[in-house]
Amino acid sequence: MAEITELRCVIGGCRFAPDEVEYTCPEHGEAGTLDVLYDYAALSASVDRDALSASQLSNIWRYRALLPVDSGSRVPPAAVGWTPLYEAPRIADQFALPRVWVKDDGANPTGSLKDRASALVLAQALQAEYKIVSAASTGNAAAALAGLGAALPEIDVLIFVPASAPAAKIAQLLVYGALVLLVEGSYDDAFELCMEICQDQGWYIRNTGVNPFTTEGKKTVALEIAEQLDWQVPDVVTVSVGDGSIISGIHKGFQDLAELGWIDRVPRLIGVQAEGSAALADAFAAGLAPEAMARQPANTIADSIAAELPRDRAKALRAVRQTGGAFLTVSDDEILAAIPRLAQLSGVFAEPAAAASFAGLGRALRIGLVDKDETVCLVSTGNGLKDIDGARKSVTGALSVPPEIAAVKTALNEFGVL
Ligand SMILES: *Cc1c(COP(=O)(O)O)cnc(C)c1O
Ligand SMILES: [Zn+2]
């Protein structure tokens, strides 16, 4: 395991011992999310990347040396992480780029990248002997907590989701047996209710940004991208952004590797938001500090990236600014069109929020944020089966036939294969 040396507030640089605070900086409040920091000199003396690559574990626990989880301690049994990184030559051709990869995090046990954060938080909850772990979520973080928590008899999972979440996501929660509250309001409303009751009752909070271990879990996607490319990282990584926690985790993962000297640079991070939920893109364009951001309306078909006041705004702005990246926006129409295009060019079926990263790559090339000689990894954060209604809006083309061979032949004729 990696021994935590300190927790450091992103807003004010306030420093805390690992057991001094649990969530955010007492001085800077909810915006003051915490970085989990290690003694990198000691770490680089005790682990090397080749030894780590020899691990037989095909899940995030192969990186336990870089995570704050004791080697002897229990973790949820689900096989989270070590998701496929596909080279996508047809996407590269389409955009005239030298190489493009798709990191398919929809292949995680509950179908999204959120499993990475929930695994870390549940490991922490087991260690601290919490009985109830709770999250507010647009759906995927909740499904991840419910699914990974189901195998742990000593932990009950309590979920707050907007009643408007896609049916598949709500079904997951109920099937996994979580206690589910469907909030008749927005994600941000659900978030505030969850925070209040958990703080009253002393229950453990998995909420994005608030719990610093969420970033540590999400950083494993960057560790994997680096290792799967034999530590030769791409020039650019594009990822969709709602609360800004995934992009912050990706940044932290690459930063940790750069601190250890395992990679020679940190890729530029391009955060893709929906036009209707663009708080971070707006703040980036206006040069705002995270403390100056206010809650603004969020409306998009990509429910997983709808956030009125992004919870990890400070880390997300830092991730983009420090790596020389950018935030940009795409329309709901572009997001819908990206679902079948990504699937047909790479074989990866993404939910709307995940396909946004592909739509964003197209936009980034059009506005000159990515050069023609650069390599790109796009992160597909969630499985297309999460939102079938969204997917169906993006496609047409099936032909209905009566059960007669003559009709089949006519139809195949229309397809041009007969
Ligand atoms: C949560 C989520 C995102 C956005 O991540 P943030 O940390 O909120 O920025 C994107 N895509 C999918 C599928 C998600 O579940
Ligand atoms: Zn602070």
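Two strands count as paired here if DSSP finds at least two bridges between them, and the strands themselves are DSSP runs (E, at least two residues), numbered from the N terminus. This is a predicted model, in which local features need pLDDT of at least 70 and side-chain atom pairs count only at pLDDT 80 or more, while totals for chains, interfaces and linings use all residues. Residues are numbered from 1 along each chain as its sequence is written, ligands are numbered from 1 in the order in which they are written, and side-chain values use heavy atoms, with hydrogens and water left out.

Begin by selecting strand β1, residues 4-9, together with β2, residues 15-16: two bridges join β1 to β2, and these strands run antiparallel. Arg8 stands opposite Arg15 in β2, and in the hairpin of these strands, which has five residues between them, Gly13 takes a positive phi near 70°.

Next, show the open sheet of four strands, whose order is β8-β7-β6-β9 and whose pairing is parallel. Its edge strands, each pairing on one side only, are β8 (179-183) and β9 (204-205). Strand β7, residues 156-162, runs parallel to β8 and is joined to it by five bridges; within this pair, select Val161 and its bridge partner in β8, Leu182.

Now turn to ligand 1 and display the 15 residues around it, of which Lys114, Asn140, Gly242, Gly244 and Thr381 come nearest (a residue is near if one of its heavy atoms lies within 4 Å).

Finally, colour the shell around ligand 1 by residue class: four of its residues are nonpolar, eight polar and three charged, with Gly counted among the polar ones.
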